[in-house]
Each structure stands twice: as C-alpha cells, then as structure tokens.
Amino acid sequence: MSAVLDHPDLWRARSLARSSGRSGHPTGFPELDAELHDGGWPSTGLAEFLCDTPGVGELRLLLPALARLSRSDARWIAWIAPPFTPYAPALASSGIDLERVLLIHPRDRREALWATEQALRSGASSAVLAWLDEAGLGPTGIRRLQLAAKQGRAWANLFRPAIASARPSMAELRVLVEDEPSERCDRVGLTVLKRRGGWATSRLVLEFGQGPVRYEPAALEERFAYWRGETLGIVQSAAGIKG
C-alpha cells in the first residue's frame, strides 16, 4: 500500500501537485512561491486578484515579477482601465522599465473587455492588468480571456471585487487580497482560493521591502463604482491610495 501511495502520478489532496519545471514568474516572496503550482505567478493563463477596494496591496504583490518581466521580455505590459493613474517614478523605482508599460483607457465596458482580449490574444503583451466592469463580466467573458492568454502566451491579471469569489471562474489562480494594518503600511494578507494542483491555502501575511506606491487621484470613487458595476449619484474625490 505504501508503494502505491508514494507513486509520483498519485496526487494527495493534502499535497500541492507541482509542474515538472518551475515555469512561473517568481513572485519575490518565497513563502508564496512555495504555495503555487509553477513556483510563481502563471507564465501564461489567467490570474484573478479579489479585493474590496483597489490599492490594498495587490499591485505591490506583482511589482517584483513585473519588474523582472519588463527587462527580460520585449513585449508590452498593458494596463487596461486602471481606476487610478500609475505613478511612473514609483514604478521605475520598483525596477519596472517604463518603456514597456502601455496604458489603455477604453471608452466603455464592452470596449474594455474587447481591448483586454485583444491585448492578450495578439501576442504583443507579456502581461496584461485589467480592471473590468463587473456588471458586464460573466463566465463567458472570463473564459474568453483565459483562452486569449493561452493563445498569446501572456500572463493575464484580472482585478475583481471580493464578492466575485462566490462566483465560479475559469481562472487558473484566484487570490483574495486583504489589507493588513501596520504602522509602515508594509504588509498585506492574502488567501489563495484556487490554484492548480491543490486546495485553497490558509491566510498568509506578507511583508514588503519598500514603501507603498503612490498614485495620483483620478476621480477614484467614480472609477471604483465603474469597476464594481455600480451607479454613483454623487462622485467624491479621494486624496490617494496605497497599493
């Protein structure tokens, strides 16, 4: 019996099945890499980051991998419909080559989904970060993005409200990101809800090695409402967010 249980083709639910090679993008956090199937973020395919409000730390999770990718891959890192204007000096200080960054601001929800799919499918992007209108994003749309990422050999990152965790998704990876209060704003809490080769993980608390990235305000509450698929009667401005 022990010989059967130890067979390499047998997966135990308590264990994480790993790919034969560590083909993922290293996250920059060894404790997180140890929980992911490819030893990092998926090199191709769709990852979802779920949080109640953009800016709790989800982008800081991605900066180490994006910095490495921007200097090893000549393709674009496309940002589609971000609810803020990325602060270029902060991205540069994180090691991201700004020559590889492409910002796309679609006019409406259908155009945003189309732009995301095209950026992935074209093969012109190494990574795509997208904030789409949740009201117009269904299982079919997510499936299209997942297939487009595979076709274009791209790393797709879709940022969604935390409530979306209750809905099924074709994404290879789903991560719940939560604020972790600290004096230096240098921590984030996360739970891997879905991963290849394993069950959900327990909650991890990660520490960043640098201060928060700052963004210029861009009618944030209005953008948040668009991202959540809400209609906001009175738009309030915000002074800034940490991400």
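Helices α5 and α6 are roughly parallel to each other, because their axes cross at roughly 25° and angles under 35 degrees count as roughly parallel. This is a predicted model. Helix α5 spans residues 109-121 and α6 spans residues 139-152, and their axes come within 7 Å. On the α5 side, the contact is made by Leu 113, Thr 116, Glu 117, Leu 120 and Arg 121. They meet Gly 141, Arg 144, Leu 145, Ala 148, Ala 149, Gln 151 and Gly 152 of α6. By class, this contact has five nonpolar, four polar and three charged residues.

Gly 152 leads on to strand β4. Ser 126 lies in that strand. Ser 126 and Gly 152 are 26 residues apart in sequence, with their C-alpha atoms 8.4 Å apart in space. Ser 126 is buried, because its relative accessible area is 2% and the cut-off is under 20%. Beyond residues up to four places away in sequence, Ser 126 touches Leu 69, Asp 73, Arg 75, Trp 76, Ile 77, Ala 154 and Trp 155.

Now to the nonpolar cores. The largest has 36 residues, and Leu 32, Trp 41, Leu 61, Trp 79, Leu 129 and Trp 155 touch the most other members. Elements that each supply at least two residues include α3 (58-72), β2 (76-80), β4 (125-130) and β5 (155-160). The largest share, eight residues, comes from α3. Take Leu 129. Leaving aside neighbours within four places in sequence, Leu 129 is in contact with Leu 59, Leu 62, Leu 66, Ile 77, Ala 78, Trp 79, Ile 80, Asn 157 and Phe 159. A second, separate core has 21 residues, among them Ala 78, Ala 119, Ala 149 and Leu 158.

How values were computed. Residues numbered from 1 in each chain as written. Predicted model: local features only at pLDDT ≥ 70, side-chain atom pairs only at ≥ 80, totals over all residues. Heavy atoms only, no water. Axes fitted to C-alpha atoms, helices over the stretch in contact; angles between N-to-C directions. Helix = DSSP H or I, 4+ residues; strand = E, 2+ residues; numbered from the N terminus. Parallel < 35°, antiparallel > 145°, perpendicular 65-115°, else oblique. Contact = heavy atoms within 4.5 Å. Nonpolar A, V, L, I, M, F, W, Y, C, P; charged D, E, K, R; others polar. Core = buried A, V, L, I, M, F, W, Y, C linked by side-chain atoms within 4.5 Å. Buried < 20%, exposed > 50% of the residue type's maximum accessible area, 1.4 Å probe, protein only.
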